[in-house]
Each structure stands twice: as C-alpha cells, then as structure tokens.
Amino acid sequence: MRVAIIGTGYVGLTTGVCLSFIGHQVSCLDTDESKIKALKDGHIPIYEPYLTDLIEEARTNLTFTSSYAEAIPGAEVVFIAVGTPPTPSGAPNLEYLSQAARSVGQHLDSPFTVVVNKSTVPIGSGNWVGSLLRDSVEQRQDKTLLEFAVASNPEFLREGSALHDSLYPDRIVIGADEQRALEVLYSLYRPILDQTFSAPTYLPRPETVVAVPLLSTDLASAELIKYAANAFLALKISFINEMGLLSERVGANISEVGRGIGLDSRIGNRFLSAGIGWGGSCFGKDTAALIATAGEYGLHLPIVEAAKKVNSRQRDRVVEKLLNELKILKGRTVGLLGLAFKPNTDDLREAPAIEIAQKLIDRGVRVKAHDPIAEERFQREYGHMNVHLCKNACEVADGCDALVLVTEWAEYRDLEWEEVAKKMRHPFLLDGRHSLDREKLTRAGIRYMGIS
Ligand SMILES: NC(=O)c1ccc[n+]([C@@H]2O[C@H](COP(=O)([O-])OP(=O)(O)OC[C@H]3O[C@@H](n4cnc5c(N)ncnc54)[C@H](O)[C@@H]3O)[C@@H](O)[C@H]2O)c1
C-alpha cells in the first residue's frame, strides 16, 4: 500500500521504517527541512537501536520529503505523527496537528484515503481532524471525487526498543467510526498482526509472539485507551515510590517489596522499580492532558493527580538525600551518571537529570555529568545550563562529593568502582534506579544509598 507519514520524529520515523520494512511504499514527511536533509543523506536524527540497519533494509520502499505535494497524492493511508507538546494548562498544544491536517486536506487525491491520528491527542480529536480536513478540501477547486475517513491508531512504543515494539507489539488499537477505514488499516497491518514478515536477524521474533491482537473500536475509545494506558503505567511507578518512602521509615527493602508484589500475576512485575520517578515526553504530558480533559467535563481524577505529585516529590528526594549526606550543598560538586530520560535513547524531554541538575545548580552545586549517547543533544538543547560534560564516568567522579545514578545505562553497572572511589573527594553514590550492586560498591569503598 502507499503510505504517507507526517512528522518524522521518534514515532513517525519508527512507524515509517517498520511499514516500509514489511513491504509498503512509505513517504516520510517533516516540515523540519534539516531533518529531512539529514535523513536523505543517511544521517539519523535520533538515537534508536537498530534504526540505521532497518532503514538500510527498507531503503527501496522508503522516501523522505518536506513537500506535502509529493507525499500525499496517491497515498491510501496518511499517518499524522506530529508532536503534541504540553501547554501550561496541561492541555496539549494541537497547533502542529491542525497545520498537518489542513496541509493533508489540500493534497488528498486518492478516491478513498484513511487519515490516521498516531499522535497522542485528546478525546474528540478524531472528529476535529475530520472537520479540518473537510474545510481544507472544501476550499479546493478540485474537490469532487474525494472521500476520506479519520481513524485513531495510538502508539505504544517505548523509546529504546521502539522497533521491537512496532514489529512485535502487545496489541494494535484502531479506532474508527467507518468500517472501510478499519478494513484498510487491517490490510496495512496484516503482516504484523499475522507475523508473516521475515524478522531481521538483529531483531528476532520473540518465541511467544505468534500473532498480535487487534482491538478495533470507536474513535473516542481508542483515544482514551492511549491516555488511560500511560496514566496506569505512571501510577504504578508512583505507587511503588510511595511504598518506597514508607519502606524507608519502617526498615523494609523496597526492591524485595516490589518483587514480592510483582510475582502476583494480577499485578505483574513491570514498572515496579522504586527510584527517581518517570520522565520522558509522554507520561508527564499525557497525565496532564488527561486531567485537563476531565476538567473540561467537570471531573477530577484524584488518582492521576496523586501519581503526578508523588513523581515530582521523588526529584526533591534526591536533593534531600544529598543534603542529609553532605550537610552543606553550596560549593559541592555532584556528578550525574546519565542524562537521557531512560537508557538506549538520546531523548531528554522531561528527563529527571535536567530537573535534578537545575535544583542542584540553584543551591550552588557544581554539576558534572556523563551520558553515553545524549551528550550531543544535551549540549544543543541545554548548553546554557552550566553542566560540565565529561567523557566517561571516571572523569565525572573526579573531585565529586557525590555521584547520582540517574539513567540506568548498562555500562554503568560494570564500572571499575575502585577507580571511581579513588577519584571522588567523598565516595558516596545515590542510586536513583536501584540498578547497581550495593555489595560491589561497598567493597570498593563507596557509601551506597538507593532512592526509595
Ligand atoms: N516518543 C514516544 O515515545 C511516543 C510514544 C507514543 C506516542 N507518542 C506521541 O506521538 C506523537 C509524536 O511524538 P514524537 O516523540 O515522535 O515527537 P517528535 O517531536 O520527536 O516528532 C514530531 C515531528 O513532527 C514534525 N512536525 C511538526 N509539525 C509538522 C507539520 N505540520 N508537518 C509535518 N511535520 C511536522 C516535527 O518537525 C517533528 O520532527 C506525540 O503526540 C507523542 O505524544 C510518542
């Protein structure tokens, strides 16, 4: 099938590459011309494991453009995957979505096109995009034979394993009020639903994946499923962090508590690691949007609101713990291990490291940091922050009064801790992710503390 993807960020690029890999003709469009130029020249603007390899394999089915007139005509399916960043009220900014929908409407020319919202958008956006498309088509001279339908296909990929999640998703959700749209999207996704494509060697099909469940539903339900899923995951993390606080007071071990409750299959063991809380472009924004949407209907969502409060308290606890340990923060040097909001991505949106660094700088701390992948992006986006970037963890440790493990990159697990300890002025490490080996660090002479 011929497919156009509007927005070539983390979601749009992943979707475009995966759909072209399974055999569709895909045109990826972005209004950021520098991004498109980089992609045409073979440079990938984001870090995502195996993305370069998969683009290489899909190359013949994949084109990049910044022209709607090139991407839209002839497309049977148009995905909108532009950003929907938060506004101060919590409601998402729908300006990019609106611009994209209008531009799509100006260039539709297939007898029947399905326009799919893949961006995370508030309930009701499907109808709104439909009206923007209609307005746009109405203004054209050549509107006569055009038919289109709007669908919602929320995205659940996790950055860092985005390709795996797109090729082997837990489920595909499609919301549409027109049967024809569902049928088109069913055909589009069939190789993934039935798992009939040959798996890339570097992304082997998990043995447990034989077919992928499809949930087809109405537009509003699909839109709410995305927000409800993110809110639930966010509150699972906040729940374990709340238990962590209590654990600390009563002398319990939060890792054991998490394991103990996670073995209950009704609860499940994922998203139950206590630590500095969630970050990233989705949980904060989507919980805020859900609360804002509920507000429009005169409703409060106290559980979601509490999950947000607990999350923001976790960042303050980093500063509190450093203060307890060092007594005076002004004039100290603190090193952050990891900047990206999670391992295997360079995404810094709402990364805990940024908030923690700022809180420490505000208290007169000199902040050093290292990240295996995200330093270049940090320099570009947060170069003004006065964080001293280092080549490796040992360089960060040099002269530090404390280290904070912020992002649990695998390489930090096996550092030469004796070397690290020797470099530090005060060998103390706060493990914000409960990912390091307490015994190993203690043997190396580092005082270890987890955040719970
Ligand atoms: N990143 C994730 O892990 C993730 C997961 C699930 C859902 N989502 C949702 O998917 C959407 C996209 O997220 P992202 O992380 O890929 O965002 P992103 O910021 O990485 O990418 C968005 C892209 O859209 C482009 N764009 C903006 N306006 C445009 C227009 N009018 N026409 C063409 N291109 C335009 C931007 O230049 C940018 O490259 C958001 O709604 C997000 O909430 C993201």
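The model is predicted, so local features need pLDDT of at least 70 and side-chain atom pairs count only at pLDDT 80 or more, while totals for chains, interfaces and linings use all residues. Residues are numbered from 1 along each chain as its sequence is written.

The domain assignment divides the chain into domain 1 (2-217) and domain 2 (229-452). Such bounds come from an automatic or database domain assignment. The C-alpha centres of domain 1 and domain 2 lie 33 Å apart. Across the interface, 17 residues of domain 1 are in contact with 15 residues of domain 2. Contact here requires C-beta atoms, placed from the backbone, to lie within 7 Å. On the side of domain 1 that touches domain 2, 11 residues are nonpolar, four are polar and two are charged. In this scheme Ala, Val, Leu, Ile, Met, Phe, Trp, Tyr, Cys and Pro count as nonpolar, Asp, Glu, Lys and Arg as charged, and the others, Gly among them, as polar.

The ligand is surrounded by 26 residues. A residue is counted as near a molecule or strand if its C-beta atom, placed from the backbone, lies within 6 Å of it. The closest are Gly 7, Gly 9, Val 11, Ser 119 and Thr 120. By class, the shell holds 10 nonpolar, 11 polar and five charged residues. Helix H1 (10-21) and helix H5 (95-107) each supply at least two residues of this shell. Helices (H or I, at least four residues) and strands (E, at least two) are DSSP runs, numbered from the N terminus.

An open sheet is built from six strands in the order S11-S10-S9-S12-S13-S14, with parallel pairing. Strand S11 (388-389) and strand S14 (447-450) stand at the edges; each has a single partner strand, so one side of each is left without a neighbour in the sheet. Strands are taken as paired if DSSP finds at least two bridges between them. Strand S10 (residues 366-370) is joined to S11 by two bridges, and the two run parallel. In this pairing, Lys 368 stands opposite His 388 in S11. S10 also pairs with S9 in the parallel sense, over five bridges. There, Leu 337 stands opposite His 370 in S10. Four of the five residues of S10 are buried, and the strand is mostly covered. Burial means that 20 or more other C-beta atoms lie within 10 Å of a residue's own; 12 or fewer make it exposed, and counts in between make it partly exposed, with C-beta atoms placed from the backbone.

Helix H13 (residues 352-362) lies across strand S9 (333-337), S10 and strand S12 (402-405). The helix runs at about 160° to S10. Axes are lines fitted to C-alpha atoms, for helices over the stretch in contact, and angles run from 0 to 180 degrees between N-to-C directions. In H13, Pro 352, Ala 353, Ile 354, Ile 356, Ala 357 and Leu 360 are buried. The buried residues of H13 pack against helix H12 (302-326), S9, S10, helix H14 (375-382) and S12. Just after H13, Gly 364 takes a positive phi of about 85°.

Leu 405 is found in strand S12. This residue counts as buried because it has 26 C-beta neighbours inside 10 Å. Leu 405 and Ala 353 are 52 residues apart in sequence, yet 9.4 Å apart in space, C-alpha to C-alpha. Leaving aside residues up to four places away in sequence, Leu 405 touches several residues, including Leu 337, Tyr 412, Leu 429, Asp 431 and Leu 436.

Gln 195 lies in the loop between helix H8 (179-193) and strand S8 (214-217). With 15 C-beta neighbours inside 10 Å, Gln 195 counts as partly exposed. Gln 195 and Leu 167 are 28 residues apart in sequence and 8.4 Å apart in space, C-alpha to C-alpha. Beyond four places in sequence, Gln 195 touches Arg 205, Val 209, Val 210, Ala 211 and Val 212.

Most residues other than glycine have a negative phi. Lys 327 has a positive phi, near 65°. Lys 327 sits in the loop between H12 and S9. It counts as exposed because it has 8 C-beta neighbours inside 10 Å. Asn 386 also has a positive phi, of about 65°, although it is not a glycine. Asn 386 is found in the loop between H14 and S11. With 11 C-beta neighbours inside 10 Å, Asn 386 counts as exposed.

How values were computed. Contact = placed C-beta atoms within 7 Å.
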